[in-house]
Structure formats: structure tokens, C-alpha cells
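This report describes one protein model, starting with overall figures and ending with two individual residues.

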Amino acid sequence: MDLTQNYIIWKDMMKAGESLPAWQEAFVKFYQAFIDGNRWQQYLEGVGVTLIVTAMALLLGIVLGVVVAVIRTAHDQQRIGQRNWLLGIVNAICQVYVTIIRGTPMMVQLLIMSFVVFKSSRQFTLVGTLTLGINSGAYVAEIIRGGLMSLDPGQAEAGRSLGLGYADTMRFIVIPQAFKAILPALGNEFIILLKDTSLISVIGGKEVLYFARAIADRNYEQMFPLVGTACIYLVLVLIFTWLQGKLERRLRQSDRR
């Protein structure tokens, strides 16, 4: 007798109210959560969406973070008596952005974006991605700013002495050196962002947890779909942690050469 036949028989027995050994009940619930109706494909679809959302949000976060970090660093590194009032205004706006985003919960930001800012939109996954990116940008900005401020000011002055403008000095001299210093923190931000994608299911975004909850609601069984989702996220985090460690080792090896 194959597994499918066992599943059908034991499922019918459970519906009839018959008592089954714990392992048989667990098998039925596992089969319902992952195998029946090829439901494993829904989890894979959710993983694909999760990775896409994470990548898009991280890209947006890095763009925002670099812009905000460069503006705030440029403002902080101005010489006394040579303050640029326009840069000061833009820096104040960046400070407000970072303060608000870092000072409010991600869940509240998602709800505001979904039910207030984009209340007429049905693109819940896209709204969630945008919110995650905006949220990540504030944290990435502080990570990058810390890396830029940690470098010896002489690096920037050397670039200026070679005739490079501020933008070219940051692009060709400062940022490449700061990248190695901030890589571990950026990797951790990526992992946090990956896990935070589960929050967009609250506003209707379709990722792994969304499909797991849909399956759980159909089966009236929460444990296996939710535990399975936790395992999926754990595996993804372990994979990206390993890749991050490998990249960091390669960068350290290149420094020794």
C-alpha cells in the first residue's frame, strides 16, 4: 500500500472520529500541508516571491541609503565657516527620514502604506516591497555613514589633491574602501530584510507565509504549515549567511595580497 492510499484511509478514519496513533495523525497532517494537491509548489512559489521582494527592497534600500549617507557625511565633514545652507536643509530632511523610519515599527509602516498612502491599490506585494525598501534605506544609510566616517579623512583629501571632485572622490576612493568595512553589517541587514518579508502577508502580500496561512486555513491545521515556513526561512538564512562568510573571507584574502 503506497503513501497516498495510507493517507486517504487514515484521513477518512480521522474524519470518522476514530483514534489513530500519533505518528499516523502527524503523517496525515504533514501530507495535507505539503503533498496533497501538490501544495509544495505553493511554498516554492512563495520562496520565489520572497527572494524577489528581498532583492528589490534591498536594491531600493541601498540606493536610498547611499544617497542619504553621502549627504549626511558631506554635511558633517564641512569645514567651519564654509557651511552650505542648501546642504543643511537636505541633511535635515534626511535626518527626519532616518529618525522616523528607525523610530517606528515596521508593522505600523506597512499598515500606513497599505491602508493610508496606497489605500486604493491592490498591488499588496509591491506596496510591501516599497515599504521594506524605504525602511531598509534608513538602516543602510546609517551603516554606510558609519563606514564613511570611520575612514581616515586623509583619503578624501588625497583625492581632492589629485583634482577629483567630491563625487568622484567618494566614488573611486572612499566608497570602495568603506565597502569592505560595512559588508558584514550590510549582510546582516539583508538577512533581517529577508525575514521581514513575512510581515507583508499582513497586508495581503503573497510570499511564503501567505501561502502557508492559506493552506493552514483550508486544513484547519496550523502546526505543519507554520513550522514548515520557519524551516524554509531558516534554510534561506543559513545559505545566505554561508555566502556572506565566503565573500568576507575572499575580501580578507585579497587584502593580504
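What percentage of the 257 residues of the protein count as buried? The figure is 39%, where buried means under 20% relative accessible area, exposed over 50% and partly exposed in between, with a 1.4 Å probe and protein chains only.

## Basis of the model

This is a predicted model: local features need pLDDT of at least 70, side-chain atom pairs count only at pLDDT 80 or more, and totals for chains, interfaces and linings use all residues. Residues are numbered from 1 along each chain as its sequence is written, and side-chain values use heavy atoms, with hydrogens and water left out.

## Fold and dimensions

The protein has 10 helices and zero strands. Helices (H or I, at least four residues) and strands (E, at least two) are DSSP runs, numbered from the N terminus.

Along the principal axes, the C-alpha atoms occupy a box of roughly 85 × 50 × 20 Å. The radius of gyration is 25 Å, whereas a compact globule of 257 residues would have one near 18 Å; the value is taken over C-alpha atoms, and the globule rule is 2.2 Å times the number of residues to the power 0.38. Among contacts with a separation of 6 or more, 71% join residues 24 or more positions apart, contact meaning heavy atoms within 4.5 Å.

## Annotated spans

An unreviewed UniProt entry lists residues 47-73, 85-118 and 223-243 under "transmembrane region". UniProt positions follow the numbering used here, feature names are shortened, and annotations may be inferred rather than shown by experiment.

Residues 85-118 are 91% helix and 0% strand, with end C-alpha atoms 34 Å apart. Residues 223-243 are 100% helix and 0% strand, and their end C-alpha atoms lie 30 Å apart.

Tyr97 lies in helix α4 (residues 85-103) and counts as buried because its relative accessibility is 18%. Leaving aside neighbours within four places in sequence, Tyr97 contacts Leu64, Val68, Ile134, Gly137 and Ala138.

Thr129 belongs to helix α6 (residues 124-150). Thr129 is buried, at 7% relative accessible area. With neighbours within four places in sequence left aside, Thr129 is in contact with Val53, Met56 and Ala57.
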